[in-house]
Amino acid sequence: MDNLDENRVKKSEDGIIGFSIGDALGVPAEFKSREELKRYPITDMIGDGTYNVPAGTWSDDTSMTLATIDSIICTKTINCNDMAIKFLNWLRNAEYTATNETFDVGRTTLQALRKYEMKLDDASNCGENNEYSNGNGSLMRILPIAYYIYYKDIKDCKEIYNIVKQVSSITHAHEISILGCYIYVNFVLELLNGNEKFEAYKKLQKLNYKMFSNDTIERYNRILKYDISNVNVDDISTSGYVVNTLEATMWLFLNSNDYNTTILKAVNLGDDTDTVAACTGGLLGLYYGIESIKDTWKQTLKKYDYIISLCDEFDEILNLNNKAISQMNDMTYSSPVIYNRVIGEIKKLIGDISNVENIKIYTISEIKNNYDKIPNNNGVYFIVNLENTPIQFTDDIGNIKTEYQGKSLLYNEADLIRKYNSGDKTILYIGKAEREDGLRKRLQEYIDYGYGKNASHRGGRAIWQIQNNKQLGLCWIEVDNSEKIEKQLLTKYKQKYKTFPVANWRI
Ligand SMILES: [Mg+2]
């Protein structure tokens, strides 16, 4: 079981410190072969090595990542010219470096920044655009862009593509590099959305890649078409080619159980150790959390406090804290029409049994990070479809238990479809919280179960056989006699539709 804590607020320091520590662990071993590292593995954060720098020194990967963050802080948006200026400050003036020294600069990056320096063009037109300029130089600095997109709530794939394309193209303008960044960013987004790692991977594979040519997509077949996690380690290359780096990163992450052992495994694969460990460390850090990283590494990392304070500023610019609060105060979906439809259906059912004013509706994924907003009182609750489109069912329910004492916990899909087609299309489940179990405890158990935790809440589990169930709506009404009211609601529902709501099976 992963020790992923889905309740945590996703601060950028998780990913960025995870990334920087991977870089610093990899720096002394860069270009060493896998065979050599098998004999003399890296087991700790050490100095000297390839660049003869002190322990905890990070390289270009982290410097360019921090420059990108600083640019977003300064401009409050994505401004490629400003990013290029900050990259030049790193290149020429050793800004954003660990020890006030710039080292480990990639060829394509150098060429592009020189071009910009000579004012030949806008920054996003300066990147090299030939097939031989597909090193991992833009992938290694793209992580902040994923945080930006996540917290700005940008959902449109075309818009995400355009941002990633522009930012990559400051140095790496070829489609292969852009697609590498696009996959990484989208994978991070799926993880930030609270998906378990294989669930995130599956969703990543289902995304739309039509803006890329088939030739380019095929380069990433082992990630997008097959399952990269099953590849034998001998077939995982850690060269500086962007496709190889991304494959190694995904392979390491998908096969991980924690930060500390996986990051050493990344380094000891050899070759482009710092970038592979940095990109992997970004994913591990945001998934397992900064507190899971070995303390001595955090203490040894150069300018740790500076990176943390930059991340804090970044979070503030991205309105991270405000977002968590605003999700709870406002409907996060845009349409009042949907809200009125849902409340209307509940009102029809509840009649004069209880007051239905001021009900707030949250998606399951939102309330997942905010259980303290649910009252402890008794009450009835509703799971509702917020979309205007019909729900779809699936037997593929991720890591949720499908069996208990030899019996299947899955409902027959045909039965679910029949119930759904006869019933109301909005209200999918009615539940209650009573006696010592208040709404908060009850709903937390219910939702935890839906996220694959071993919680003892199997009632209403048909909800987890609905596709995109984390985007279903949830709302509640506080009432004292919840058991009686739940019965009244289900009876009334059955009288009207001749069946129970799709995830209710009996009174
Ligand atoms: Mg490097």
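Helix 16, residues 304–317, comprises 14 residues and extends 20 Å from its first C-alpha to its last, close to the 20 Å expected at 1.5 Å a residue (the expected span is 1.5 Å times one less than the number of residues). Helices here are DSSP runs of H or I with at least four residues, numbered from the N terminus. The model is predicted, with local features requiring pLDDT of at least 70 and side-chain atom pairs counting only at pLDDT 80 or more, while totals for chains, interfaces and linings use all residues. Residues are numbered from 1 along each chain as its sequence is written.

Ile-307, Leu-310, Cys-311 and Phe-314 are the buried residues of helix 16 (buried: 20 or more other C-beta atoms within 10 Å of a residue's own; exposed: 12 or fewer; C-beta atoms are placed from the backbone). These four cover an arc of only 100° around the axis, which puts them on the same side of helix 16; the arc is taken over the directions from the helix axis to the C-beta atoms. Helix 1 (12–26) and helix 3 (60–75) are among the elements covering these buried residues. On the face turned away from the buried side, helix 16 carries the exposed residues Asp-305, Ser-309 and Glu-316. Asn-319, which follows helix 16, has a positive phi near 60°.

Helix 1 also packs with helix 13 (residues 260–267), at an angle of about 45° and with the axes 9 Å apart. The contact involves Ile-21, Gly-22, Leu-25 and Gly-26 of helix 1 and Ile-263, Ala-266 and Val-267 of helix 13 (contact: C-beta atoms, placed from the backbone, within 7 Å).

Notes: Helix = DSSP H or I, 4+ residues; strand = E, 2+ residues; numbered from the N terminus. Contact = placed C-beta atoms within 7 Å. Axes fitted to C-alpha atoms, helices over the stretch in contact; angles between N-to-C directions.
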